[in-house]
Amino acid sequence: MRMSAGPLRRTVAAVVGGVLAAAGLLAGCGGDGSSDSRGAPRPAAEVETLPEPVTPAFVPGAPELLADVESLAWWSPVERPVVARAAPGADARAVARLEARTPEGTRNIVAVLGRRRDGKGALWVRVRLPVLPNGTVGWVPRETLGGYGSVRTRLVVDLERLTATLYRDGRAVFGADVGVGQPANPTPTGEFYVRNKLRRYANAFYGPVAFGTSARSPTLTDWPAGGFVGIHGTNRPELLPGRVSHGCIRLRNDDILRLERLMPVGTPVTIR
Amino acid sequence: MPTEHPTPIIAELDRDGAIEEALAAAGGTTRRGFLAAALAGAGALAGFPETADAARGPKRDTAILNYALVFEYLQAGFYTEAESIGTIRAMGAERETWARTLGAHERAHVTILKDVLGRKAVARPFFDYRGVTEDGDAFTRTAVAMEDLTVALLAGQAPRVSDRSLRAAFFSLLTVEARHAAWARRITGFRPVAAAFDEPKTLAAVDRVVRSTRFLVSRPSRESRRSPRFTG
Amino acid sequence: MAALASAPLVAGGLVVAGRPLAAAQPSPQEDERILNFALGLEHLQAAFYEDAVSRGALGGELAEFARVVGEQERRHVEVLRRRLGGAAIAEPDFDFGDTTAGEEAFREAAVTLEDNTVAAYIGQGANLTVEGVAAVAPLVSVEARHAAWIRDITAVNPAPAAADSAKSAEDVRSALERAGLPPP
């Protein structure tokens with residue numbers, strides 16, 4: 001069965017051709033390759049008569065080497081409720097319990113800081129936790145987390161100067177005045193991350209966008225939903241900059257809308 | 001996602017077993033014979049169920065390109081993650097050169113396929129490499145499996161692409177992926193070329209392997225319309 | 001890249017407008033000529049490795065490479081000859097000169113041979129009919145594996161670019177001649 005054995009019907013070529021091709025290859029695979037030859041073999045191929053190569057529809061560019069790995073930060077969703085431990089290993093001290101969902105209904109995420117194997121060879125991941133006391137880190141089994149997301153951004157909130165600055169690959173790309181916690185309910189300092197983003201809710205107090213962070217008010221521990229620190233807009237822009245909130249970080253609405261376009265969930269947040 | 005690649009269902013497979021399956025295929029222990037390969041190739045032309053209604057032509061070309069793009073995303077993400085978190089750096093100079101080169105190629109493939117597809121390009125999916133990018137050995141063995149699978153995918157799809165300039169481009173990608181596969185195999189101690197013929201795989205067959213790895217997952221929800229209850 | 005990105009796309013498809021086609025539409029007759037060219041290359045490769053093995057100048061992994069790849073090229077010859085039937089060209093007599101006489105010369109010639117076979121297949125792949133493409137697809141990637149293998153043994157980058165380039169049949173032949181190899 002060769003292609004040249006007879007005219008192919010174009011209408012069935014797609015299907016039959018495949019079968020013929022397969023059969024042709026099959027025949028060649030097992031046989032000695034000579035039984036099918038007929039007549040005197042032709043002389044060598046005439047290279048000059050062959051068509052020129054078809055110009056490809058696309059040509060990939062130069063290899064893209066990875067640059068600036070250091071400015072990447074990692075996050076991962078919590079796949080199922082898990083107890084974070086003080087060290088890699090099931091018998092290490094429990095530090096906190098992690099839920100798979102946030103109070104806002106989004107997937108709970110953690111900032112990924114590192115990894116290590118325990119004595120039994122199981123992979124554990126060191127994560128920053130959204131619990132009190134602020135700054136708590138712990139270890140969870142790798143399989144309790146989902147995939148890794150990465151961001152190149154970092155937000156720095158300066159409680160002294162009352163500013164928020166977003167860096168991308170180490171360069172400042174956004175800056176704004178902020179309102180922060182009153183002396184009685186201070187905004188906590190330390191290393192945190194953006195946990196989720198809320199939009200299109202009906203509550204003018206928070207402005208058009210509210211980011212949830214892993215930071216928690218150390219004073220308002222019985223606040224509904226845990227007293228998490230948000231980064232959000234405001235209906236009182238005249239108070240900014242200032243020490244005016246219960247711990248949240250308030251921005252003017254046009255600023256928070258600008259930040260929304262620049263800052264993905266998972267971005268590390270430094271409050272100092 | 002393209003219609004040819006519905007949102008993957010997270011199969012109830014044993015995690016290690018699933019990865020072992022993909023790796024065994026790479027190692028040659030469960031590699032099917034050429035007979036089966038040729039029949040599979042014929043099956044591809046006879047009609048992969050999800051594309052039987054899509055005739056040879058620009059629409060199918062777009063779908064095939066998009067599937068190739070998903071695959072390049074999968075590979076690029078794999079190498080990028082392993083390099084970014086330091087796994088590749090810890091593997092020694094020879095493997096580091098190899099893995100960094102492959103990552104650089106796969107990222108270039110993503111870029112060009114997105115360019116070519118323009119607005120039709122599928123968005124980058126979310127991947128969970130399930131610890132494989134965090135372990136030098138698991139990473140290398142999975143890379144072998146992935147590169148071999150890419151070869152089988154492109155070899156299977158090249159005849160199905162109807163535009164000839166696209167087909168020419170597919171051939172240039174196919175041979176590079178085959179170089180990757182051979183290089184990966186030699187580094188891991190496998191023979192770089194397992195057989196005289198690479199077994200083309202249908203989209204359905206490739207899809208089964210990809211699903212068995214469970215690397216492709218749905219993007220975690222990080223946004224909500226609920227009213228904030230932050231401290232304010 | 002930028003030019004490609006902005007290339008006009010036909011509505012609903014990806015056919016880049018105005019692109020010159022290398023050949024008129026593929027045909028079984030054209031397939032025959034192209035597959036015979038491929039057969040010539042496979043003959044050349046099979047004979048090259050068989051010659052190197054029989055001259056016994058190779059050791060270690062290089063000897064394994066020549067033996068394994070030689071056997072695979074022979075299988076490729078069989079498949080293509082089967083397919084071409086009575087239209088197949090005869091196996092030419094090759095004179096490999098010094099290219100198979102020592103390890104260094106062999107390595108160099110083998111890299112040229114494999115890289116150019118890859119480029120030749122890429123160059124002709126899109127000139128084939130659908131059936132022709134299906135026939136060569138399982139061989140093309142194996143040639144690329146051979147190329148990567150011998151390059152890695154030779155300590156040159158096994159995959160030097162993000163995509164391999166095509167070469168015309170004439171360019172392939174002159175590249176082989178420059179490397180001291182006989183024409184396919």
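Modeller: Domain bounds here come from an automatic or database domain assignment. The model itself is predicted.

Biologist: How far apart do the C-alpha centres of domain 1 and domain 2 of chain A lie?
Modeller: Chain A is divided into domain 1, residues 69-150, and domain 2, residues 152-271. Between the C-alpha centres of domain 1 and domain 2 of chain A, the separation is 23 Å.

Biologist: Which strands of chain A each supply at least two residues of the side of domain 1 that touches domain 2?
Modeller: The contact takes 21 residues from domain 2 of chain A and 16 residues from domain 1 of chain A. On the domain 1 side, at least two residues each come from strand 1 (73-77) and strand 4 of chain A.

Biologist: In what sense do strand 1 and strand 4 of chain A pair?
Modeller: Four bridges link strand 1 of chain A with strand 4 of chain A. Ser76(A) stands opposite Val110(A) in strand 4 of chain A. The sense of the pairing of strand 1 and strand 4 of chain A is antiparallel.

Biologist: Which residue in the turn between strand 4 and strand 5 of chain A has a positive phi?
Modeller: Strand 4 of chain A runs antiparallel to strand 5 (residues 123-128) of chain A, with six bridges joining them. Gly114(A) stands opposite Arg126(A) in strand 5 of chain A. The two strands form a hairpin with five residues between them. A positive phi of about 90° in the turn belongs to Gly121(A).

Biologist: Which element of chain A gives the most to the side that touches chain B?
Modeller: The contact takes 65 residues from chain A and 52 residues from chain B. Among the elements of chain A that each supply at least two residues to its side are strand 4 (109-117), strand 12 (190-199) and helix 1 (10-30). With nine residues, the one that gives the most is helix 1 of chain A.

Biologist: Which residue of chain B stands opposite Lys197(A)?
Modeller: Strand 12 of chain A and strand 3 (residues 223-224) of chain B pair in the parallel sense, over two bridges. In strand 3 of chain B, the residue opposite Lys197(A) is Glu223(B).

Biologist: Are helix 5 and helix 6 of chain B roughly parallel or antiparallel to each other?
Modeller: The axes of helix 5 (residues 136-157) and helix 6 (residues 164-188) of chain B come within 8 Å and cross at roughly 155°. Angles over 145 degrees count as roughly antiparallel. Helix 5 and helix 6 of chain B are therefore roughly antiparallel.

Biologist: How many residues of the contact of helix 5 with helix 6 of chain B are nonpolar?
Modeller: Residues that meet here include Val144(B) and Leu154(B) in helix 5, and Phe170(B) and Leu174(B) in helix 6. Five residues of this contact are polar and five are charged, while the nonpolar ones number 12.

Biologist: What is the handedness of the crossing of helix 4 and helix 5 of chain C?
Modeller: The axes of helix 4 (residues 103-125) and helix 5 (residues 130-153) of chain C come within 9 Å and cross at roughly 150°. The two helices are therefore roughly antiparallel to each other. Helix 4 of chain C passes helix 5 of chain C in a crossing that is left-handed.

Notes:
Residues are numbered from 1 along each chain as its sequence is written. Chains are lettered from A and ligands numbered from 1 in the order in which they are written. This is a predicted model: local features need pLDDT of at least 70, side-chain atom pairs count only at pLDDT 80 or more; totals for chains, interfaces and linings use all residues. Two residues are in contact if their C-beta atoms, placed from the backbone, lie within 7 Å. Two strands pair if DSSP finds at least two bridges between them. Axes are lines fitted to C-alpha atoms, for helices over the stretch in contact, and angles run from 0 to 180 degrees between N-to-C directions. Angles under 35 degrees count as roughly parallel, over 145 as roughly antiparallel, 65 to 115 as roughly perpendicular and the rest as oblique. Ala, Val, Leu, Ile, Met, Phe, Trp, Tyr, Cys and Pro count as nonpolar, Asp, Glu, Lys and Arg as charged, and the others, Gly among them, as polar. A crossing is left-handed if the near helix is turned anticlockwise from the far one by less than a right angle, and right-handed if clockwise.
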